[in-house]
Amino acid sequence: MNSSERENIKAAYKATFTKKIEEVSGNCLADASLLKQYQALAEMVMESITSQWAKTNTLYNKNESKQVYFFSIEFLIGRLMKSYLSNLGVEELVQECSAEMGLDYEAILAQESDPGLGNGGLGRLMACYLDSSSAMGMPAHGNGIRYKYGLFEQRIINGEQIEVADNWLKNGYPFEIRNPDKSVIIKYYGQIHSENINGNLTFVHENYEAIMAVPYDIPIKGYRNETVNSLRLWSAEPLEAFDLPSFNQGHFLNAVRHKSEAEAISQILYPNDNGFDGKLLRLKQEYFFVCAGIKRIIVDFKRSNNNSMDGFSDKICIHINDTHPALCGPELMRVLMDEEGLGWEESWKITVAAMSFTNHTVLPEALEKWPVDMMKDLLPRIYMIIEEINRRFLLDLDNEFPHDLDRNHSLSIIRDNYVHMASLAIVSSHSINGVATLHSKILREETFNGFYQVFPKRFYSVTNGVSPRRFLMNSNPELKTLINDSIGPDWDHNLFDLKKLLNYINDPVFYQKFDAVKLSNKVRLANYMARYNNVTVDPNSIFDIQVKRIHEYKRQLLNALHVLYLYNRLKENPNLEMAPRTFIFAGKAAPGYYYAKEVIKLITAIAELVNNDPSLHDKLKVVFLANFNVSLAEIIYPAANISEQISTAGKEASGTGNMKFMMNGAITLGTMDGANIEILDAVGPSNIVSFGLSADEVHHYQKYGGYRSIDIFEQDPRIQQVLHQLIDGTLGYGLSFQAIYDSLLLYNDGYFVLKDFNAYADAQNQVDHLFRNPTIWTKMSISNVANSGIFSSDRSIADYQREIWKII
Ligand code: GPQ
C-alpha cells in the first residue's frame with residue numbers, strides 16, 4: 001500500500017468512526033464519552049468481522065470438514081478488542097487514527113469489561129485453544145454458560161479479601177449476538193414412562209420443569225486469516241413463549257416459580273478452582289449447557305446431512321474440558337435413542353467415537369461425584385442411561401476379569417451412592433488425556449490406573465499451551481517489535497522460529513535492547529503498583545512474581561515464609577549483600593476457603609511490616625495486587641524476572657502461567673511439577689532454577705509416611721523464628737496466624753512446605769547470585785523467550801488434531 005492509499009484508508013476510518021459515534025451516542029465526537037468511543041469502535045469491529053463469520057459458517061454448514069466442539073463450564077476469554085484489531089491487521093491504523101483525532105486509544109480499550117467467566121487455568125486454557133484453532137483455520141467452537149455474574153471482583157480491605165459481584169454486562173456486551181431462534185428447551189425433574197409405540201419401547205418424560213436455553217454467540221476471529229469460529233454461551237430464560245405442559249394443565253403458580261428458577265441457572269459462576277462443591281444448582285448448570293449444546297450440534301449436522309445421522313462421529317468431535325460436561329455422554333445417548341430412534345449399540349458406538357475427555361487435576365477433593373438421589377430426581381432419564389452404561393460396562397469388565405469384585409467395584413461409575421463423573425467420562429470417551437507429561441503419567445499410574453488397565457489405548461498426553469498472540473504479541477508489544485527487528489516478522493505463524501533469537505545470545509547490542517524492553521515493562525507495572533497499592537518500588541529490583549489462585553498446593557505460603565526469613569536476615573545484617581527484591585503476589589481465594597484467605601491476610605501483613613521498615617533500605621518490598629484477572633495478568637507477565645512455580649510436586653497438573661512468564665523472558669523458579677519439567681527440558685538446566693522434592697518422593701511420603709514436620713522445625717532455627725512470628729504479634733498487634741501455624745506443625749504440613757523450605761531458600765540465594773551477574777541473567781532470559789515455542793497453544797491444538805481428533 002502506498003502512502004496516499006493509506007491516507008485514504010485513514011480518512012475513511014475517521015469518517016466512519018465519527019459517524020458511528022453519532023449513531024451510538026447521539027452526540028458528536030467532541031462530546032462523546034470514552035464508553036461511547038469504545039462502543040463505536042466495537043460496532044465497527046463487529047461489522048468487519050461478521051461477513052467473514054457468515055462465510056465461515058456457510059463453509060462449515062456444508063459439513064465437509066470435521067468440527068470440534070469444546071464443552072467447558074468456563075471460558076475465561078479476557079478483553080477482546082485488542083485481539084480483534086490485531087487479528088484483523090488494523091491495530092496500527094486504529095492507533096494512529098485515534099492519536100491524530102486526539103483520542104486516548106489505551107483508555108478507550110480499557111472501557112471494555114473483562115468477562116470473568118472462569119476461575120483460572122482451566123477456563124483460560126479454553127480461551128487460548130479457541131484463539132489457536134481460529135488462527136490455524138481449524139473448525140472448533142466453544143459451548144459454555146453466559147453467566148450473568150462472572151467470578152467475583154476481589155478488593156483488599158484491611159488486608160483481607162472482600163468479594164464484590166462482577167456485573168460485567170452492566171453496559172451491554174458488544175461482541176455477542178443473541179440468537180433466540182436457536183433456543184433449546186431443557187427439561188428437569190418429572191418421571192419417565194416407557195411406552196410401546198408401534199412395537200418399539202419408547203421413553204416418555206412427563207411432568208418435567210422446562211426452561212429455555214438461549215444462545216449468545218461471540219465470534220472468534222483468526223489471526224490474519226479468514227476464519228471466524230464461534231463461542232456459544234447459553235443463557236437460561238423462562239419459556240413463556242413455549243407451550244409449557246404444566247401451564248396447559250393449569251399449574252400457573254408452578255410456571256411462575258419456574259421463571260426465577262430458570263434465570264438462576266445462568267446467574268453466577270461457582271467460584272471454586274480445583275475443588276468440587278456438590279450443589280444442585282451446579283448440576284443444573286452442567287446439564288443445561290450440555291443438553292443445549294448437543295441439541296444444536298445435532299440439528300446443524302442433520303440439516304446439512306440430508307436429515308440423517310450417518311457419519312456423525314466422522315464429522316463431529318465433542319471434547320469435554322474436565323468432567324463438568326461429562327453428561328455429554330448420556331445426553332448424546334438420550335438424543336440418539338429417544339429422539340433419533342437408534343438402538344443402544346449403534347448409539348453407543350457413535351457416542352464413544354465422538355467424545356474425548358481432558359482431565360485437569362488429580363486432587364481428590366476436586367473429582368466430581370453426584371449423589372444418586374440428586375441425579376435421579378433432577379435428571380431421571382439421564383440417570384437411567386447412566387445406570388445402563390454402567391451395567392454394560394461392568395458386564396464387559398466381568399467378562400475380561402471374571403470374579404474380580406474389587407476391580408468391578410472400584411471402576412463402577414455408580415458406587416457408594418454417588419455417580420462418579422470421571423469414571424463416566426472415561427467410559428464414554430475414546431480418548432482421555434492429561435495436560436502435561438508428568439500429569440498424564442500420574443493419571444495412568446495412580447488416579448485412573450484401574451481404567452488404564454482396561455483401556456490402555458485410550459490414554460494420551462497433550463501438554464498445555466498458551467496463546468502467543470495474547471500473551472506475547474499483544475501484551476508485550478515492545479518485545480514483539482524487538483523480535484521483529486531481529487529475526488523478521490514470520491515467527492508470528494510459527495512460534496518455534498523464536499529459536500532464531502539464539503543467534504543473538506552473545507550479542508551485547510541485543511542485550512541492551514532486550515533489557516530496555518524488560519525495564520520498560522517493569523516501569524509500567526511499578527506505576528500500576530504506585531497507583532493502586534500506594535507502594536513505591538525500584539524497577540531495577542528483581543521482580544519476583546507469584547500470580548495464580550490461592551491454594552494450599554500452590555504454596556504461596558512457602559514464598560511468604562521465605563520473605564519473612566529474608567526480612568529477618570536483613571534485620572540482623574542491614575548490610576547484607578543482595579539484589580533488591582520486589583515480591584509480587586496476586587490471586588483470588590475461593591470465598592469459602594478459610595485457609596486460602598488466611599494466606600492472603602498473611603501476605604498483606606508481611607507487606608505492611610516490610611514496606612514500612614526504613615532500616616531495610618528498600619532492599620525488600622512486598623506487594624499483593626488486588627483482583628487478578630486476564631487484563632491484570634497481561635501487565636504482570638511481561639514485567640517479571642522470576643516466575644514462582646512452587647507447587648508441591650505431583651499436584652499441579654500443568655500450570656499455564658509458567659508458560660506465559662517464560663514467553664516473556666522470566667526465569668522459572670520451580671519445583672519439578674506439571675509443565676515446569678517440560679520448561680526445564682526446553683531451556684536446559686542452566687536457564688531455570690529448580691528445587692525441592694520430586695513427585696515420586698512426595699508420593700512415597702504420602703503413601704508410606706516417614707515425614708515429620710516437627711523434626712524439621714526442631715532442627716532449623718530459621719524456621720523456628722519465622723513460625724513464631726506467625727503467632728507472636730510481629731505481624732501486627734493482635735494478628736495471629738494460628739491456623740497456618742497449626743497446619744504446619746500440628747497437622748504435619750500436608751503440602752511439604754517445611755520439608756522444601758531449605759531447598760527453596762538455597763534456590764532463592766542462587767537467583768540472587770545469578771541476577772547480580774547481568775550478562776548471565778540476560779542470557780538466561782533470552783534463552784527462555786527463544787525456547788518458548790513449544791508452549792504455544794498452536795502446538796497443543798496441532799497435537800490434539802493429530803492424536804485425538806484425528807483431523808489430518
Ligand atoms: N485447573 Cl480441575 C483449574 O484451573 N481449575 C480447576 O478446577 C481444575 C484445574 C487447572 C490446573 O490446576 C492447572 O494445573 C492446569 O494448567 C489448568 O487447569 C489447565 O489445564
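**Entry 1: H22 and H23**

I began with how helix H22 (residues 556–572) lies against helix H23 (residues 594–611) in this predicted model. Their axes come within 10 Å and cross at roughly 20°. Angles under 35 degrees count as roughly parallel, so H22 and H23 are roughly parallel to each other. I also noted the hand of the crossing, which is left-handed.

Next I listed who makes the contact. From H22 come Gln556, Leu557, Ala560, Val563, Leu564 and Tyr567. H23 answers with Val599, Leu602, Ile603, Ile606 and Val610.

I stayed on H22 and turned to helix H31 (residues 753–771). Here the axes come within 10 Å and the crossing is roughly 60°, which makes H22 oblique to H31. The hand of this crossing is right-handed, whereas H22 and H23 cross left-handed.

On the H22 side I found Leu557, Leu558, Leu561, His562 and Tyr565. On the H31 side I wrote down Val753, Asp756, Phe757, Tyr760, Ala761 and Gln764. The contact of H22 with H31 has 8 nonpolar, 2 polar and 1 charged residues. Leu557 is worth a pencil mark: I have it in the contact with H23 and in the contact with H31.

**Entry 2: the two domains**

Which domains does the assignment give for the chain? I found domain 1 (63–79 + 114–464) and domain 2 (507–788). Their centres, taken over C-alpha atoms, are separated by 36 Å. The contact between them takes 38 residues from domain 1 and 30 residues from domain 2.

I then looked for the elements that give two or more residues to the side of domain 1 that touches domain 2. They are helix H6 (121–135), strand E3 (153–157), strand E4 (160–164) and helix H17 (437–447). Sorted by class, that side of domain 1 has 12 nonpolar, 18 polar and 8 charged residues.

**Entry 3: H6 and H33**

H6 brings Cys128, Tyr129, Asp131, Ser132, Ser133 and Ala135 to the contact. H33 brings Ser793, Asp794, Ser796 and Ile797. I sorted the residues of this contact into 4 nonpolar, 4 polar and 2 charged.

**Entry 4: around the ligand**

How many residues surround the ligand? I wrote down 19, and the closest are Gly121, Leu122, His360, Thr361 and Ser654. The shell divides into 5 nonpolar, 11 polar and 3 charged residues.

Last, I checked where the shell comes from. Domain 1 and domain 2 each supply at least three of the residues around the ligand.

Methods: Residues numbered from 1 in each chain as written. Predicted model: local features only at pLDDT ≥ 70, side-chain atom pairs only at ≥ 80, totals over all residues. Near = placed C-beta within 6 Å. Nonpolar A, V, L, I, M, F, W, Y, C, P; charged D, E, K, R; others polar. Domains from an automatic or database assignment. Axes fitted to C-alpha atoms, helices over the stretch in contact; angles between N-to-C directions. Helix = DSSP H or I, 4+ residues; strand = E, 2+ residues; numbered from the N terminus. Parallel < 35°, antiparallel > 145°, perpendicular 65-115°, else oblique. Left-handed = near helix turned anticlockwise from the far one by under 90°. Contact = placed C-beta atoms within 7 Å.
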